[in-house]
Amino acid sequence: MGEKREGRSRDEAERREGGLHVLGAIWGGFATTLKHLFRRPITQQYPEVRRSLPERARGRIILTRDPKGDERCVACELCSAVCPVSCISMQAAQREDGRRYALWFRINFARCIFCGLCEEACPTLAIQLTPDFEMIKADPLDLLYEKEDLLVDHCGKNTYYDYQEHCGTGEKGMRPGELPPVDPKTNLP
Amino acid sequence: MVLLRNRKPGRIATLEEYKASGGYKALERALRELSPGDVCAMVLESGLQGRGGAGFPAGRKWMGIAPDAPKPRYLIANADEMEPGTFKDRVLLHADPHQVLEGMLIAGYAVGASQGIIFVRPAYGRIAEILEREVELARRANLVGPNILSSGFSMDIKVHRSGGRYICGEGTAQINAIMGLRPHPRETPPRTTEKGLWSLPTLLHNVETLACVPHIIANGPEWFKGLSRSPSGSGTKLYCVSGAVSRPGCYELPMGTPLREIIYQHGGGLRQGRHLKACLPGGASTRFLSPEELDVEMDFEGLRRIGNRLGTGAVIVLDDRTCMVKATLNLIRFFSRESCGWCTPCREGLNFARELLERLEEGSASFDYPEILRETARGLCNAYCPLAPGAAQPLESLLDLFAEEVMDHIKKGGCPMKQPGQQRG
Amino acid sequence: MPRLTIDGQVIEVPPGTKVIDAAEALGIVIPRLCYHPALGPAGACRLCAVSFLDGPVKGVLMSCSIEARDGMVVSTEHPEAVSFRKQVIEWLMMNHPHDCPVCDEGGHCLLQEVTVASGHCRRRYPGPKRTFVDQDLGPFVQQEMNRCIHCWRCRRFYQDYAGYRDFGALGIGWRTYFGRATSGVLESPFSGNLVDICPTGALTDKPSRFMARRWDVERAPSLCIHCSLGCNVTVSAHLREIVQVEARYNGDVNGHFICDRGRYGFDYANHPLRPRSPAVMGEETSWSKAIAQAVAGIEEVTRAHGPKAIGVVSSERASLEAMVTLSLLCEETGWEGPAFFQDEETLVKNRLLAQVALSHGIAGLREVEKADLILIVGTDPICEAPLLALAIRQAWRRGAWVGALDPRPIELPLTFEQSGLWDEELKKALLKGAQREEGLEEVLPGWKEALDRSREIVVILGPTVVDISSLRRCGEFVSKLGKKARIFPVFRGPNSLAASALSRESTFRSLARKIREGKIKALLLVEADPFHGTKMRGELEASIRSLELTIVIDYLPSEVVKRAHILIPSATIYEGGGSFINQEGRLQRASPVHRGGIPLRRNLQGNLRPPRTFAKGPPGETAKSSWQVLLELGERIGKGLGIEDKEDIWKVARERFPFLWQVEPGGRISWEGGGVQEEAMEEEEDPSQSSQEMRVLLVTSTFAGEELSQYSSKLDPVRNEARAFFNEEVASQRGLRRGDRIWIRMGDVRVPFSVKTSPKVPSKLLILDPGNEGLWREVREVSKTIGWTEIERA
């Protein structure tokens, strides 16, 4: 219906004004510019003004800690397997207390495309993407972040999940949802 | 009364008493007049069915040992009676152990066995002592050992005390246990009559079955068949009645006696004005029977017709004050504890069912539990040996017959029958 | 041949095939956990359930336990079967810990695969998980019992298949625990197979724990070269080091398993002192400089003394390509050699053994498994070729009779007769056995009866303990056996048969003689270490020191490498691949696994992280295979062989060496044996022996004494100390008991030993096993006899 009206008004305008119709368009354009001249611009002046990104924005990668303060990463290598550009590498090792951890952990941010697949894949919620995108470096080798550059002191976006409370290694039978260890030397029920 | 005719309070029937009542005459007759094939034929004709729970025709089992099968052959008497509710073997062996010995000797003669073994559960230590003593007495009377009654047939009997656990009652597991291995059941083919103990032909029978054999030989298969009240059964049966009855005990009655008669006439009916809610007709591995089905004839065929099984003939009566979920939980706890651990359904599935029933009883169940339990019961039927399918019987019948009670547990958040202050059983 | 229908496809299979294997032949893989082709069906996991819709059996049944029969109609996708399988997985997941991220099996876990295939994702079981405390099962197997799904495979392998009893099942039901009575090292030399067999991460490989994920490693099929059996393996490499060796299935050779020596003996390739860069007079230099120096040295010696002044030595562990190139090069240049064996006696024995075996029909491991009667002469299977013991056990499980004639106290996981005969007594027994009707009944009770009822006979023969005439006698004895008696020769090295075929008359001893006489001035050693297993260290050192030029091409940090004038590192089998001919004459090829180079772990920087550099390639030059080095040397000295690559070698080799003609990889060579003259050589006289002296026999053990595995640090925890085996009576007469410690004086050195006694050891014999000491670095010479005056209590 709008079309018909438009069509009618255009035809009418053409019939009525003819060449004057062009003038209307020109005046409309100028009027729009004048209108916006006195409106507040929406451009934010970065870097003086920094826009706050939502928590789930995919920026710099961190390795978080669990609520107890111990590092979450168990070097399961799932993030490195899923990474589409193979920018994550690590070596797993065993700590003195028997826990699996990453001896070294390296992300090459020159390759990273910030897709977030590693965050999705991580079973312990260790690797997370933060909204921080300001990481320009002059030397490409400086974009090679080691574990000490990635490991942070807080829990990141999840403040309650501790994978070690759910897995079966470590001290047996001490976790919620586990029975005390079986004594195999007795046949009594 | 056939099997328990020599029953005396507080002691066994001695060898002399047994002989006086006609004992060991059948053995004499078999050794002197009959050939092994004749004995097999008589037992086959008599329709004797295994009394250990499976109900397999004994004569057909004996025929499974070919005359040219390798020797030595073994005969195992299964006195590992651990089916809940069953105590007939204990009663039988406390009444007349020589009956069982004679049955073993005749069966051994029929299949050519030279070594008999009585497998006794550890709780029956007294019975093991009694048997050892009586075997020694029989040996001195030339009834056991080399050249029995100067007939040329030699058979020795020894008593083997089990190391424990219910799974040893299963035939192939029992054979593994006697050999000193872990008591896991074995796959049949090959059958134990072909490759049993030490890979040699072995005949394995419940002691009650063996106790029937002398009577068949002494009085003839027709007489034995005529003892039963139903056309499909034969002989008498030791029915154990327990539970909420006034006179629990072991009663020898003709095969095919209606269940109602067993419970109300011989068992004395339910105690003090209670009503019968359900009963297990043949031990723990059978389905619950509802009060409407009480007129069933208690023999193998009769119960099979209504979708149940005779099992060991141990009648457990539950009254209207019994919580069916709690009763089933009790049974499943037993079965999950006694699983040997070989196959997944029994080892894990029974635990699954137990955990769900415990929560039902405790009150933390959710509405999908009955469906999960039904699935579990169905899956339990596909296990390696009959333990898990047996455990599935009470579970399935709970969901079939007492679905409302189960639902009540969920709705009310706990057992509706639990008295306040009562501890969780 | 039963004909059955599976999922609509018809297949005909040999009788006795189980339905699960018939489906696999069609490409349908039915999920399974407890079924293993070597261990047979168990019916324990209940996962292989399929629906039998029609035919002799009906219903949902286990496909691993049911044999295929005519007219069966099977559906693997029937809803009943699928839902039952899903239920089984749900039950297994009830107690399974949430371990996948920290579990080594992730990525090659059978349980992971069947669980994902079943679609299980929701946990309906509300109860707690059962837990177990783990045991320390030794240096090879890591236990994590929480993850166990009770498939019973480990127990079935360890006790039923392999025959060892210290590992098994404890407890009952859901609490069944698979472990030892107490923590301790697993006694079986096949314990590493538990790692391959376990379908979950309950038993994992300890030496490679946490090293790499399966999807990250470079994997290739290769061969185990630690003995002459030639078992097939799959080798994984990660970050420039070899990480794990697993068994590879070969129906004709090793079946599904390998021994622990082959599994954990690979670490010589990662040895920290392994020669990585060329060296001249001990100083590292570049490749071109080293080659130039070598060429210059060779040309100088040739100019001054002629080509015969250069001796060439290789060994039984060199690849076929290296051996062939070396032989061709020696022909071209006129160098003296190549010498593959230590001395003439060894050479003749190997040739004779090969000839005897081939003339009677050579047996491989499969023939051993199918035999009814097995006679072991002069071989200790567990020490020399461990997987042979496993094959013998399978035959024994089927009812075979096993007897052994060997002076060592042989241990086998089965019951067998043994007579401790050696030397003269052995010859006499074999002679009598060949002549008399009862055969060996006198020394091996039960022989006659076993011989009468057996159809397939295998005689296992090894050259290390018996002498030449005993070998010949044994050959005659086997001919008398007639029937279907075959010989299973056990050689010392992985390529001994090829070495026998390619060997000329030179041996290392003859070259050493020529060095002493001054005829040989230079020595080229290709993948050889004459110091290994030598009984005359003093002489050897003197000879090598007197040489003008020693060029060593090798990859081991061996003793001769330290004494080399010019060292050129070569590639191991993992980097270069190689072809080997195993004891039954089967030609097998190993593929290269990785490029090589210095392992990353040795290159980590201070803060334990990899270097932060841009680089074109990995650090540490990729070593070349020894045959490539030889070709280059040949080119440079003007004796080019016209060979460009491996295929060229094969072309030329096939033309020049008839035993390689018409053999395909995986097939057996057809070699007549290459004439061993009847008079061959004068046998060395048995040394005169007083009653105060005992003859010495040097032996090896499973984890000590084999050249390559002695450099593997993974085997350090299980290497035995030096042992001396005495005859029980003789020992007790002298007041020695098992476990005592003694010193034996050898020359001017005292060597410690632990005393072992056995009634099997002949009373005039003293058996010495050097164990983890190698052959005693300071001992100049191991004499043939040792007197009681040289033995003292410690």
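**Notes on the predicted model**

1. Nine residues of domain 2 of chain B are in contact with 12 residues of domain 3 of chain B, contact meaning that the C-beta atoms of two residues, placed from the backbone, lie within 7 Å. On the domain 2 side of chain B that touches domain 3, five residues are nonpolar, three are polar and one is charged. Here Ala, Val, Leu, Ile, Met, Phe, Trp, Tyr, Cys and Pro count as nonpolar, Asp, Glu, Lys and Arg as charged, and the others, Gly among them, as polar. The centres of these two domains of chain B, taken over C-alpha atoms, are separated by 23 Å. The assignment for chain B lists domain 1 (15-226), domain 2 (236-319) and domain 3 (324-412); such bounds come from an automatic or database domain assignment.

2. On conventions: this is a predicted model, in which local features need pLDDT of at least 70 and side-chain atom pairs count only at pLDDT 80 or more, while totals for chains, interfaces and linings use all residues. Residues are numbered from 1 along each chain as its sequence is written, and chains are lettered from A and ligands numbered from 1 in the order in which they are written.

3. Chain B has an open sheet of four strands in the order 6-5-8-7, with mixed pairing. Strands (E, at least two residues) and helices (H or I, at least four residues) are DSSP runs numbered from the N terminus, and two strands pair if DSSP finds at least two bridges between them. The edges of the sheet are strand 6 (249-254) and strand 7 (276-280) of chain B; each has a single partner strand, so one side of each is left without a neighbour in the sheet. On average, neighbouring strands of this sheet are turned by 30 degrees against each other, direction ignored; the axes are lines fitted to C-alpha atoms, for helices over the stretch in contact, and angles run from 0 to 180 degrees between N-to-C directions.

4. Strand 5 (residues 236-243) of chain B runs antiparallel to strand 6 of chain B and is joined to it by six bridges. Within this pair, Val241(B) stands opposite Gly249(B) of strand 6.

5. One runs from Lys71(B) to Pro72(B), with omega near 0 degrees; Pro72(B) is in the loop between helix 4 (58-63) and strand 1 (73-79) of chain B. Another runs from Gly337(C) to Pro338(C), with omega near 5 degrees, and Pro338(C) is placed in strand 16 (residues 336-339) of chain C.

6. Which side of chain A meets chain C, and with how many residues? In total, 31 residues of chain A are in contact with 26 residues of chain C. Helix 3, strand 2 and strand 3 (100-108) of chain A are the elements that give two or more residues to this side of chain A. Strand 3 of chain A gives the largest share, four residues. By type, the residues of chain A on this side divide into 16 nonpolar, eight polar and seven charged.

7. Two serines have positive phi. In Ser86(A) phi is near 50 degrees, a positive value in a residue other than glycine, and this serine sits in the loop between helix 3 (78-82) and strand 2 (88-94) of chain A. Ser86(A) counts as exposed because it has 10 C-beta neighbours inside 10 Å. Ser199(B) is in the loop between helix 8 (171-178) and strand 4 (202-206) of chain B and is exposed, with 12 other C-beta atoms within 10 Å.

8. Helix 12 (residues 386-397) of chain C has 12 residues, which at 1.5 Å a residue should span 16 Å; its end C-alpha atoms are 17 Å apart, which agrees. The expected span is 1.5 Å times one less than the number of residues. Of the 12 residues of helix 12 of chain C, 11 are buried, so the helix is largely enclosed by the rest of the structure. Among the buried residues are Leu387(C), Ile392(C), Arg393(C) and Trp396(C). Their cover includes helix 6 (260-264), helix 10, strand 17 (373-377), helix 11 (381-384), strand 18 (401-405) and strand 20 (456-461) of chain C. Gly399(C), with a positive phi near 110 degrees, follows helix 12 of chain C.

9. Glu367(C) belongs to helix 10 (residues 365-370) of chain C and counts as buried, with 20 C-beta neighbours inside 10 Å. Not counting residues up to four places away in sequence, Glu367(C) touches Val458(C) and Arg486(C). The C-alpha atoms of Glu367(C) and Phe488(C) are separated by 8.8 Å, and the two residues are 121 residues apart along the chain.
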